[in-house]
Amino acid sequence: MTEPTRIFHNPRCSKSRQTLELLREQGVEPEIIRYLETPPTVQILEHILEALDIGPRELMRTGEKEYREQGLDDPELDRETLIKAMVATPKLIERPIVIKGNNVALGRPPENVLNIL
């Protein structure tokens, strides 16, 4: 049995729509997780960050007003605080994110996901 493919998707985001379309063109019908409605858990975000080998801030949409309003631009904030902020305010999470087994890709550009299929 093959591992399922999941996409953390925002249908209002053009890159997210393009990534979903690309997956389907490859014959992959992913499980679609509308992460604004169903945010990832701390554990899932930790897995994503570890698999991408990046820090939390690199997965955050730093241009969002919530980023500034919550003071998340403070360089003294620790990893745990930043991850909890993403869970509490999923709009801050960069998208789309595609997961297949232990492999993760950020669909910016959408072609990045081809590396994990």
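Which residue forms a salt bridge with Lys84, and how far apart are the closest N and O atoms? The partner is Glu80, and the closest N and O atoms sit 2.9 Å apart. A salt bridge here is a side-chain nitrogen of Lys or Arg within 4 Å of a carboxyl oxygen of Asp or Glu.

A quick word on the ground rules. This is a predicted model, where local features need pLDDT of at least 70 and side-chain atom pairs count only at pLDDT 80 or more, while totals for chains, interfaces and linings use all residues. Residues are numbered from 1 along each chain as its sequence is written, and side-chain values use heavy atoms, with hydrogens and water left out.

Back to that pair. Lys84 and Glu80 are both in helix α4, and because they are 4 residues apart, about one helical turn separates them. (Helices are DSSP runs of H or I with at least four residues, strands are runs of E with at least two, and both are numbered from the N terminus.) Lys84 is partly exposed at 47% relative accessible area, and Glu80 is partly exposed at 47% too. For these labels, buried means under 20% relative accessible area, exposed means over 50%, and partly exposed is in between, with a 1.4 Å probe and protein chains only.

The whole structure has 9 salt bridges. Here are three of them:

| Pair | Closest N to O distance |
|---|---|
| Lys84 and Glu80 | 2.9 Å |
| Arg61 and Glu94 | 3.0 Å |

Take the Arg61 and Glu94 salt bridge. Arg61 lies in the loop between α2 (42–52) and α3 (65–69) and Glu94 in the loop between α4 and β3, so this pair ties together parts that are 33 residues apart in sequence. Both Arg61 and Glu94 are buried.

Glu66 is buried at 15% relative accessible area, whereas Lys91 is partly exposed at 33%.

What else does Glu66 touch? One answer is Thr89, which touches Glu66 and Gln70, leaving aside residues up to four places away in sequence. Contact means heavy atoms within 4.5 Å. Thr89 is in the loop between α4 (79–88) and β3 (97–100), and Thr89 counts as buried because its relative accessibility is 15%.
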